[in-house]
Amino acid sequence: MKMKTTFALFGVTAILLTSCVSNPEGERAATTDAIETGIIADGTTLALDTSASQVIWHANKVSKEHFGEVSLTSGNINVSSEGKITGGNFTIDMNTIEVQDLEPGDSRDRLAGHLKNEDFFDVTKYPTASFEITSVTEGETTNDLVIAGNLNMHGVTKNITFNAKVTESTPTSVVADADFNVAREDWGVNYQGKADDLISKEFNLKIKIVAKNQI
């Protein structure tokens with residue numbers, strides 16, 4: 001009887017260990033229902049430099065972690081006459097999801113394909129994601145901002161709030177970075193993964209925005 005109890009305990013322990021998955025490092029963005037923008041653009045509209053801007057994703061599962069990029073296709077940042085960010089928006093091409101932690105080959109292609117299918121982002125049905133700023137407030141320092149905006153992804157729009165670091169902000173150019181997590185189930189991305197290799201509830205986004213004066 002003691003032997004059976006020991007084996008049962010080992011079995012339960014193994015299940016718990018293989019079912020436990022941590023979220024990627026990062027602060028989760030506060031998430032609420034979508035709201036109207038209410039922003040009236042003033043000053044200058046700067047065009048997103050898609051070649052210099054970047055979106056990096058990062059997600060965990062029990063056995064390992066994965067990361068990659070997805071491409072920004074267009075966008076604008078509004079700045080005041082003093083060079084402060086007042087609004088903006090950008091669009092992401094979800095068909096460009098790339099996996100970068102695996103060597104080129106079948107495994108990498110399979111994971112990228114899986115992320116694009118109905119289990120995850122269903123890019124055939126929802127080919128783009130978008131973000132539109134709804135408010136900008138000052139943070140702890142002159143280089144820190146708290147940005148809120150409507151994130152549309154997988155056919156669902158939610159308002160998120162996160163911290164951003166501005167390294168350049170003038171009437172003619174903006175460079176800003178943000179690093180935050182979102183809970184994928186808030187956007188209806190509910191695939192859990194295999195029973196013994198679950199996927200984290202949150203994924204991390206590291207976003208670099210570079211915008212310049214239109215010529």
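D144 is buried, because its relative accessible area is 14% and buried means under 20% relative accessible area, exposed over 50%, and partly exposed in between (1.4 Å probe, protein chains only). The model is predicted: local features need pLDDT of at least 70, side-chain atom pairs count only at pLDDT 80 or more, and totals for chains, interfaces and linings use all residues. Residues are numbered from 1 along each chain as its sequence is written, and side-chain values use heavy atoms, with hydrogens and water left out.

The side chain of D144 meets that of K165 in a salt bridge, at 2.6 Å from N to O; the term denotes a side-chain nitrogen of Lys or Arg within 4 Å of a carboxyl oxygen of Asp or Glu. This pair links distant parts of the chain, with D144 in strand 7 (residues 144–153) and K165 in strand 8 (residues 156–169), 21 residues apart. Helices (H or I, at least four residues) and strands (E, at least two) are DSSP runs, numbered from the N terminus. K165 has a relative accessible area of 41% and is therefore partly exposed.

Side chains of opposite charge can pair when their charged atoms come close. A search of the whole structure finds ten salt bridges. Among them, E202 and R28 meet through their side chains at 3.8 Å, N to O. Because E202 lies in strand 12 and R28 in the loop between helix 1 (2–19) and strand 1 (30–33), this pair ties together parts that are 174 residues apart in sequence. E202 counts as buried at 11% relative accessibility, whereas R28 is partly exposed, with a relative accessible area of 44%. R28, D186 and E202 are linked in a network of salt bridges.

A further salt bridge joins K201 to E185, whose closest N and O atoms are 3.1 Å apart. K201 lies in the loop between strand 11 (197–198) and strand 12, and E185 in the loop between strand 9 and strand 10, 16 residues apart. K201 is partly exposed at 42% relative accessible area, and E185 counts as partly exposed at 33%.

F121 is buried, with a relative accessible area of 12%. Leaving aside residues up to four places away in sequence, F121 touches residues including M94, I97, L115, M153 and V189, where contact means heavy atoms within 4.5 Å.

The structure also holds five aromatic pairs. Rings of Phe, Tyr and Trp (its six-membered ring) pair if their centres lie within 6.5 Å; planes under 30 degrees apart count as stacked, over 60 as edge-to-face and the rest as tilted. The rings of F120 and Y191 are edge-to-face, because their centres are 5.2 Å apart and their planes stand at 70°. F120 counts as buried at 8% relative accessibility, whereas Y191 counts as partly exposed at 27%. F121 and F203 also form an edge-to-face pair, with 6.0 Å centre to centre and 90° between the planes. F121 lies in the loop between helix 2 and strand 6 and F203 in strand 12 (residues 202–213), so the pair ties together parts that are 82 residues apart in sequence. F203 counts as buried at 8% relative accessibility. Finally, F90, F131, F162 and F180 form one aromatic cluster.
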